[in-house]
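Biologist: I am new to this structure. Please take me through one part of it at close range.

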Amino acid sequence: MFRSRSAARPSMSVRTRFAPSPTGFLHIGGVRTALFNWLLARHHGGRFILRIDDTDQQRHVDRAVSLILDGFRWLGMDWDEGPEVGGEHGPYFQSQRGQLYQDAVQKLMAAGVVYRDYSTEAERAADKAAAEAEKRAYRFRRKPLTNAQLSQYEAEGRPFALRFEVPPGRTLVLDDQIKGRVEMKTDEVSDFVIVRPDGSPLYNFASVVDDAEMRITHVVRAEEHLSNTFPQLLLFEALGYPLPTFAHVPYVAAPGSKKKLSKRDGAVGLHEFINDGYLPEGMLNYLARLGWSYDDSSEIFSKAELIEKFTLDRVNSSPASHDPDKLYWIQGEWMKTADLDRKVRLTAPYIHHADAWTAYDRGRKDRKEYPASAEDQEILPFLREPAEVSDAEADRFKAVIEALGDRLKLASDIVKLARYFFTEELTYDPDAVKKRLKKEGVPEILADIEALLAEVEPFDLATLEDRIKSYAESRGEGIGKVVNAVRVATTGQGVGPGLYDCLVILGRESCIRRIAQTRRMLAESSS
RNA sequence: GGCCCCGUCGUCUAGAGGUUAGGACACAGGUCUUUCACACCUGUAACACGGGUUCGAAUCCCGUCGGGGUCGCCA
């Protein structure tokens, strides 16, 4: 495939931007595009700008903007100019940049490249229908108007949109950093509206004015904008703006498919991964590797390494599918690097709100429509504030987390993996009960172990291991049978940390109580 | 339908005329082991198809098929 060589602006400082429309929802595909912009800027020591594309007035919602900003903050993608931080090229909301657009309109009118379009929606609809019937593309072209008509329209104050008059017979060339050289004949480009009758600018126009006025040097955006680029090229030219470098990033496909990833494909919103307890490092690493590679073997990259190594020429020109398995694996690799204190802070909220978490998790899996509600786009309330953990509680968390080791991949995993350490209420996994407890001799073994635990001294790892092993030996029983029976009897679960770790953390009294309870349960179910 | 983009294991990718087509995730088997996870070893698995060009094609050209985008007074 064709790849352009690096951009021809070594002396100019790189400025990139991400321009979301304020819906509040951060699709991971969009986040990846933002990440590429951010990495490119940081790699070159340039600036990353955030701009809110809210030309469609009613779409501007404050909450939505803060949701977006929170997502960026969570990932550690800081912006040099934009909402909250300001900057020299503001304002950073399109809805507040009216004057800039008006000035640009004046320039275009003076240059004679725009005209008033008095067409009605009905007329355009008819033309479109006709084009479709003839199986050809719909292209708007200027309709000749007599002077009499014109002055009549003006006199009656008929509303008009402003359209750019696309010059015929030219070939537009785009040297895209990801897609390579792409050409488009102007005859394929419709005369496009730049300003609505109410004076508000349209995306293709506003975006060019903003990118130019904000001195954006590299426009890195979703592939769906590739064909938008050609009318934009015409605007850059007519306005006398220098052309930025363009790079169009392929879309993210659904898992195991080449179809574009959509909300129907499960978790696609950044907030969902935050809710699951993914680490920003893991998310960043995964997203960067989705469509980008450094060499033939590197997979794990820290933020600093990404900044150092990211270049556009290593971005793939074909779509990549989202791979939740790989994300989970990368996350696991990063979780291994988190220290104990951080893991405590990360996991505590899930234990403190285990029921709320379970309900959320289950509800999400059951839902048919997405999003089920507005709250569905939010970060879980108990994750928004730092968890309060007393010293004593922290000690227990530390013991549990150490025992869990690499089993803990997601912060929320603590609920399914270790909830029994934090509640005396035993919940049995039916499969584990069947496999480990409904066996010949298990009631006797449990009775013996219960007695053993009551008198073993000291109640520590080495002694427990020693005593239980010799017990199994004396009974002529495989150690596995004893260990697994005791595991299920004390934790209710078939899997977990090493048994002796579990026993020590639980403590003598709790172990005895649990085994007694399990023995009663077994006795009842067998009678 | 017109125009434009894309097509290497199931997935992420390496690959820029000559490779036993490499790595990773997932999967399968094994070692370790009290379960699971980790670690380690092994294995299954790909150049969409068809024509060219060339001594030689995953790499270049054309076509077909498939996927995507766009054809808005949405962004």
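Biologist: Let us start with one residue. Is Arg 15 buried or exposed, and why?

Modeller: Keep in mind that this is a predicted model. Arg 15 is buried, because its relative accessible area is 8%, and buried means under 20%. The residue sits in strand S1, which spans residues 15–18.

S8 pairs with strand S9, residues 245–249. The pairing is parallel and runs over 5 bridges. Take Val 220 as an example: its bridge partner in S9 is Ala 247. Between the two strands, the chain passes through helix H7, residues 229–239. This β-α-β crossover from S8 to S9 is right-handed.

For a helix pair, turn to H20 (residues 479–491) and H21 (residues 499–506). They pack at an angle of about 35°, with axes 10 Å apart. Their crossing is left-handed. H20 contributes Ile 479, Val 483, Val 486, Arg 487, Thr 490 and Thr 491 to the contact. H21 brings Leu 499, Tyr 500, Cys 502, Leu 503 and Leu 506. By class, the contact has 8 nonpolar, 2 polar and 1 charged residues.

Methods
Residues numbered from 1 in each chain as written. Chains lettered and ligands numbered in written order. Predicted model: local features only at pLDDT ≥ 70, side-chain atom pairs only at ≥ 80, totals over all residues. Heavy atoms only, no water. Helix = DSSP H or I, 4+ residues; strand = E, 2+ residues; numbered from the N terminus. Buried < 20%, exposed > 50% of the residue type's maximum accessible area, 1.4 Å probe, protein only. Axes fitted to C-alpha atoms, helices over the stretch in contact; angles between N-to-C directions. Left-handed = near helix turned anticlockwise from the far one by under 90°. Contact = heavy atoms within 4.5 Å. Nonpolar A, V, L, I, M, F, W, Y, C, P; charged D, E, K, R; others polar. Pairing = 2+ DSSP bridges. Right-handed = clockwise from strand over helix to strand, strands pointing away.
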